[in-house]
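Good morning, colleagues. Please look at the sequence and the structure now being shown, and we shall then go through some of the features together.

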Amino acid sequence: IYGTQAITIAGGDNNIIRNNLIYNPLPVPVDYSGAIMIDSYDNQTSWPCDDATSSIMPPNDPTNPDYPYYYNPRNCHSFGNQIYNNTIANYFIGLRWNNLAPEQTVIRNNVFSNWTKGSICNYNDSTGNCDALPTGLTADHNFDQGAFGFVNSTGFDFHLNSGSPLIDAGINPGIFTNPITQNVESLVPDDYDGNTRPQGNGYD
């Protein structure tokens with residue numbers, strides 16, 4: 001995936017963004033853009049919180065679990081996002097969000113290379129700065145800047161050389177129950193090339 005804003009999400013819960021190579025081939029833009037952008041809203045009646053049609057509207061009943069998404073005061077917060085195993089290079093901001101609800105959001109095993117503003121940025125529209133990460137968000141085993149030992153990043157080859165510090169430096173982001181087979185499976189059973197993970201002593 002490449003471009004100045006590669007993945008953009010406006011609202012919505014439990015988004016999963018994983019196993020992507022995201023690279024900006026252009027000069028790094030000097031603005032608020034990010035490789036992954038997640039916007040979250042509260043008490044908003046305009047887009048993107050007004051996309052419902054009458055055919056899918058839930059009952060006008062505050063006890064209905066979908067009520068806050070369609071009736072005022074409208075909650076269009078985005079929470080429960082899982083963002084892992086992404087390699088992101090050459091962006092102003094690697095991962096940028098506005099007003100993200102931190103509950104159950106996990107950011108793990110991502111590599112952020114050659115950013116200018118921040119790797120994981122809780123963006124403040126008023127100041128243009130990255131505020132502190134909110135309590136309740138899990139962000140660990142991510143790697144910022146440095147000589148990562150890519151084979152040829154400018155040629156879009158993000159395989160790791162044998163001496164790369166990223167080898168065995170990751171973590172298994174977890175397991176889940178497959179709803180079809182009911183088997184317990186790893187969230188990352190294989191790598192970008194289809195090789196079974198982990199290889200060696202740990203996850204890269």
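Predicted model: local features only at pLDDT ≥ 70, side-chain atom pairs only at ≥ 80, totals over all residues.

Which strand gives the most to the lining of the largest pocket? It is strand 17, with four residues. Residues are numbered from 1 along each chain as its sequence is written, and side-chain values use heavy atoms, with hydrogens and water left out. Strands are DSSP runs of E with at least two residues, numbered from the N terminus.

Let me stay with the pocket. A pocket here is an open set of points on a 1 Å grid over the protein atoms alone, where a 1.4 Å probe fits, with protein on both sides within 12 Å along at least five of seven lines; lining residues have an atom within 4 Å of a point. The largest one has a volume of about 690 Å³, taken as the space filled by probe spheres set on the points, which are joined across faces, edges and corners. Its lining comprises 29 residues, and Phe158, Leu160, Asp191, Tyr192 and Asp204 lie nearest the centre. By class, the lining has twelve nonpolar, eleven polar and six charged residues. Ala, Val, Leu, Ile, Met, Phe, Trp, Tyr, Cys and Pro count as nonpolar, Asp, Glu, Lys and Arg as charged, and the others, Gly among them, as polar.

Two strands pair if DSSP finds at least two bridges between them. Strand 9, residues 93-98, runs parallel to strand 12 and is joined to it by four bridges; Ile93 has Gly118 as its bridge partner. Strand 13, residues 130-131, is antiparallel to strand 12, with two bridges, and Cys130 stands opposite Tyr123. Six residues separate strands 12 and 13 in a hairpin, and Gly128 in the turn has a positive phi of about 75°.

Two residues other than glycine also deserve attention. Asn114, in the loop between strands 11 and 12, has a positive phi near 60°. Asp168, in the loop between strands 17 and 18, has a positive phi near 65°.

Finally, the peptide bond from Arg197 to Pro198 is cis, with omega near -5°. Pro198 is found in the segment after strand 19.
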